[in-house]
Amino acid sequence: MIQIGEKFPDFKLKNQNGELISNEDLKGSKVVVYFYPRDNTPTCTTEACDFRDNLEDFNELNTKVYGISGDSEKKHANFSNKHNLNFDLLVDEDYKLSEEVGVYQLKKSFGKESMGIVRTTFVLDEEGTVIHKIDKVKVKTQIEDLKNFIKE
């Protein structure tokens, strides 16, 4: 499990358009990296639309936003187009990065256990070091919490 003060792991993941994004692309500005379970589910859709609607505020704070899940490039493209998302969704189909940062875990849902991504958000500094982490994401308050943290 990656913690505050540690470097975010090296990665190369495709976005919804098939373009490779790596940790090198993140350097030079602050970055919000949020891991979410699945495209087109109610809470994940709310979360993505909240980031979309507040992206201008993040841009003013020199902060990029990336969403990551195990969904395919095609699913990400459909989700992004359907909701007019204005930031990249990255494909972690093998859950390699999700496992490396510690968000791919055993989850319980409706009495069933299965492995999946636990909703988690990281804020990285300009050098790619984790400076903030939200483990138990509350989608309703996350955006304001993040903006307040980045402003400080």
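1. Let's start with threonine 129. Setting aside neighbours within four places in sequence, threonine 129 is in contact (heavy atoms within 4.5 Å) with Gly5, Glu6, Lys7, Val123 and Leu124. Threonine 129 sits in the loop between strand S8 (120–124) and S9; helices (H or I, at least four residues) and strands (E, at least two) are DSSP runs, numbered from the N terminus. With a relative accessible area of 15%, threonine 129 is buried, where buried means under 20% relative accessible area, exposed over 50% and partly exposed in between (1.4 Å probe, protein chains only). Threonine 129 and tyrosine 34 are 95 residues apart in sequence, and their C-alpha atoms lie 15 Å apart in space.

2. A word on the source. This is a predicted model, in which local features need pLDDT of at least 70 and side-chain atom pairs count only at pLDDT 80 or more, while totals for chains, interfaces and linings use all residues. Residues are numbered from 1 along each chain as its sequence is written, and side-chain values use heavy atoms, with hydrogens and water left out.

3. Now the sheet. Five strands make up an open sheet with mixed pairing, in the order S5-S4-S3-S8-S9; two strands pair if DSSP finds at least two bridges between them. Strand S5 (88–91) and strand S9 (130–134) are at the edges with a single partner strand each, so one side of each has no neighbour in the sheet. On average, neighbouring strands of this sheet are turned by 20° against each other, direction ignored. Axes here are lines fitted to C-alpha atoms, for helices over the stretch in contact, and angles run from 0 to 180 degrees between N-to-C directions.

4. Look next at strand S3. Strand S3 (residues 30–35) pairs with strand S4 (residues 63–69) in the parallel sense, over six bridges. Within this pairing, valine 33 stands opposite tyrosine 66 in S4, and tyrosine 34 stands opposite glycine 67 in S4. Why is S3 largely enclosed by the rest of the structure? Five of the six residues of S3 are buried, so the strand is largely enclosed.

5. Helices come next. Helix H2 (residues 73–82) packs on the sheet and touches S4 and S5, with its direction at about 160° to that of S5. Serine 98 belongs to helix H3 (residues 96–101) and counts as buried, at 0% relative accessibility. Apart from neighbours within four places in sequence, serine 98 is in contact with Phe35, Asp92, Val103, Tyr104 and Ile117. Glutamate 60 is in helix H1 and counts as exposed, at 62% relative accessibility.

6. S6 and S7 pair in the antiparallel sense over six bridges, and tyrosine 104 stands opposite isoleucine 117 in S7. Two residues lie between the strands of this hairpin, and phenylalanine 110 takes a positive phi near 50° there.

7. Please check a few backbone angles as well. Most residues other than glycine have a negative phi. Asparagine 62, in the loop between helix H1 (42–60) and S4, has a positive phi near 50°. Asparagine 62 counts as partly exposed, at 44% relative accessibility. Tyrosine 95, in the loop between S5 and H3, has a positive phi of about 60° although it is not a glycine.

8. Which residues line the largest pocket? They are Pro37, Arg38, Tyr95, Lys107, Lys108, Ser109, Lys112, Ser114, Met115, Gly116, Ile117 and Val118. On a 1 Å grid over the protein atoms alone, a pocket is an open set of points where a 1.4 Å probe fits, with protein on both sides within 12 Å along at least five of seven lines; lining residues have an atom within 4 Å of a point. Strand S6 (104–109) and strand S7 (112–117) each supply at least two lining residues, and S7 gives the most, with five. The space in the largest pocket is about 330 Å³, the volume being that filled by probe spheres set on the points, which are joined across faces, edges and corners.
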